[in-house]
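Dear colleague,

Here is the structure I said I would pass on. My notes on it follow below.

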Amino acid sequence: MPYLASETRYDKILYNRVGRSGLKLPAISLGWWYNFGGLDVFENSRAIARRAFDMGITHFDFANNYGPPPGSAEENFGTLFKQDFHPYRDELIISTKAGYDMWLGPYGNWGSRKYLLASLDQSLKRMGLDYVDIFYSHRPDPETPLEETMGALDSAVRQGKALYVGISNYNPEMTRRAAQILKNLGTPCLIHQARYSMLDRWVEGGLLDVLTEEGIGCIVFSPLAQGHLTDRYLNGIPSGARATKTEHVWMTLDNVKKNLPKTQKLNELAKQRGQSLAQMAIAWVLRQPAVTSALIGASSVKQLEDNLAAVNNLKFSNEELDRIDSILRG
Ligand SMILES: NC(=O)c1ccc[n+]([C@@H]2O[C@H](COP(=O)([O-])OP(=O)(O)OC[C@H]3O[C@@H](n4cnc5c(N)ncnc54)[C@H](OP(=O)(O)O)[C@@H]3O)[C@@H](O)[C@H]2O)c1
């Protein structure tokens, strides 16, 4: 069946301005790190992507290496773009990144101009796009001058291959320097993509202040801590859940078990607010004025729909915030 996007797609979600730019992003965006790769069920990925767009999620986030295998999330999007989303290109914000291992040899990772610009060309080819909306440096490179990495982002814009640029996983001090270099080049830093959730609050230690001062937006990734902050693990570890298939240090079975007393209490509080734990976790990151969008993942349409309903209750009383802090302190 040809895809026809819902006519009411803009009625359901909020759009927030990205820093001091002209661009707005949905309060909740969809990440393609997991669940959209070559090993996943394509029709499930398609159903999630279509439902997301039908519910006003105009922003899909990629990196060169998303899959597995690396590159396959972009390839699958390329197929979906051709078949489903092509008529909606001007309603979509597509981002991609380069910074982690992508191909063999010294030019297939980190932050050189050689790697970043070659990687962007490869991403565009996989996705069948003429340009991406946002191109990111995925991580700071301790060995490449920051001027070179930022210069490559600026070139991507000047070559018409990206409309905006961003950085990800940069600490506050490097963020300030990167912003200054980009400003001098005439290509302002649009956005910073940073990990933030109730279980990982590092951005509160200075990054959000820098972003506010510099007028840079913040899109936070893994607001559900990869599923810890949902009901997914409250009664054991279901087969197929991410904790059973990833080796990421912050997503181990041990961590899931260790956090259980906290997540159970948070789940009770969420119920009192009339929300699921996932909805409360998303609302909690969005309470920060510096946060433009919560970048979530979902392995089913049901999870996606649960998460999008977070926007129905974004307010917290001071008592609720204190209660969350006290639960997190343990
Ligand atoms: N810049 C970076 O360095 C970086 C790093 C990581 C991620 N990201 C971006 O951020 C995006 C989101 O990251 P993430 O996938 O870790 O985000 P997340 O939203 O914290 O975790 C998503 C996972 O949580 C589970 N989940 C989601 N909604 C649920 C619900 N309502 N009920 C129960 N379980 C639910 C699912 O796990 P199951 O699969 O087990 O069902 C889902 O795959 C990525 O796709 C990527 O675009 C960027």
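With 330 residues, a compact globule would have a radius of gyration near 20 Å, and the protein agrees with this at 19 Å; the radius is taken over C-alpha atoms, and the globule rule is 2.2 Å times the number of residues to the power 0.38. This is a predicted model, in which local features need pLDDT of at least 70 and side-chain atom pairs count only at pLDDT 80 or more, while totals for chains, interfaces and linings use all residues. Residues are numbered from 1 along each chain as its sequence is written.

Along the principal axes, the C-alpha atoms fill a box of roughly 50 × 50 × 40 Å. The protein has 10 helices and 10 strands, taken as DSSP runs numbered from the N terminus (helices H or I, at least four residues; strands E, at least two). Of the 330 residues, 45% are buried, meaning that 20 or more other C-beta atoms lie within 10 Å of their own C-beta, placed from the backbone. Among contacts (C-beta atoms, placed from the backbone, within 7 Å) between residues at least 6 apart in sequence, 76% join residues at least 24 apart.

Helix H3 covers residues 113–127. Its 15 residues reach 21 Å from first C-alpha to last, close to the 21 Å expected at 1.5 Å a residue, where the expected span is 1.5 Å times one less than the number of residues. The buried residues in H3 are Tyr-115, Leu-116, Ser-119, Leu-120, Ser-123, Leu-124, Arg-126 and Met-127. They lie on the same side of H3 because they cover an arc of only 160 degrees around the axis, the arc being that of the directions from the helix axis to the C-beta atoms. Their cover includes helices H2 (72–85) and H4 (146–158), with strands E5 (93–98), E6 (132–137) and E7 (162–168). Just after H3, Gly-128 takes a positive phi of about 70 degrees.

Val-18 sits in the loop between strand E1 (15–17) and strand E2 (24–26). It counts as buried because it has 23 C-beta neighbours inside 10 Å. Leaving aside neighbours within four places in sequence, the contacts of Val-18 include Leu-23, Leu-25, Ile-191, Gly-217 and Thr-292. Leu-190 is 172 residues from Val-18 along the chain, yet their C-alpha atoms are separated by 7.0 Å.

Finally, the ligand. It is surrounded by 31 residues, the closest being Gly-31, Trp-33, Phe-221, Gly-227 and Gly-297; a residue counts if its C-beta atom, placed from the backbone, lies within 6 Å. Strand E10 (291–296) and helix H9 (301–308) are the elements giving two or more residues to this shell, and H9 has the largest share, three residues.

Regards

Key
Buried ≥ 20, exposed ≤ 12 C-beta atoms within 10 Å, placed from the backbone. Contact = placed C-beta atoms within 7 Å.
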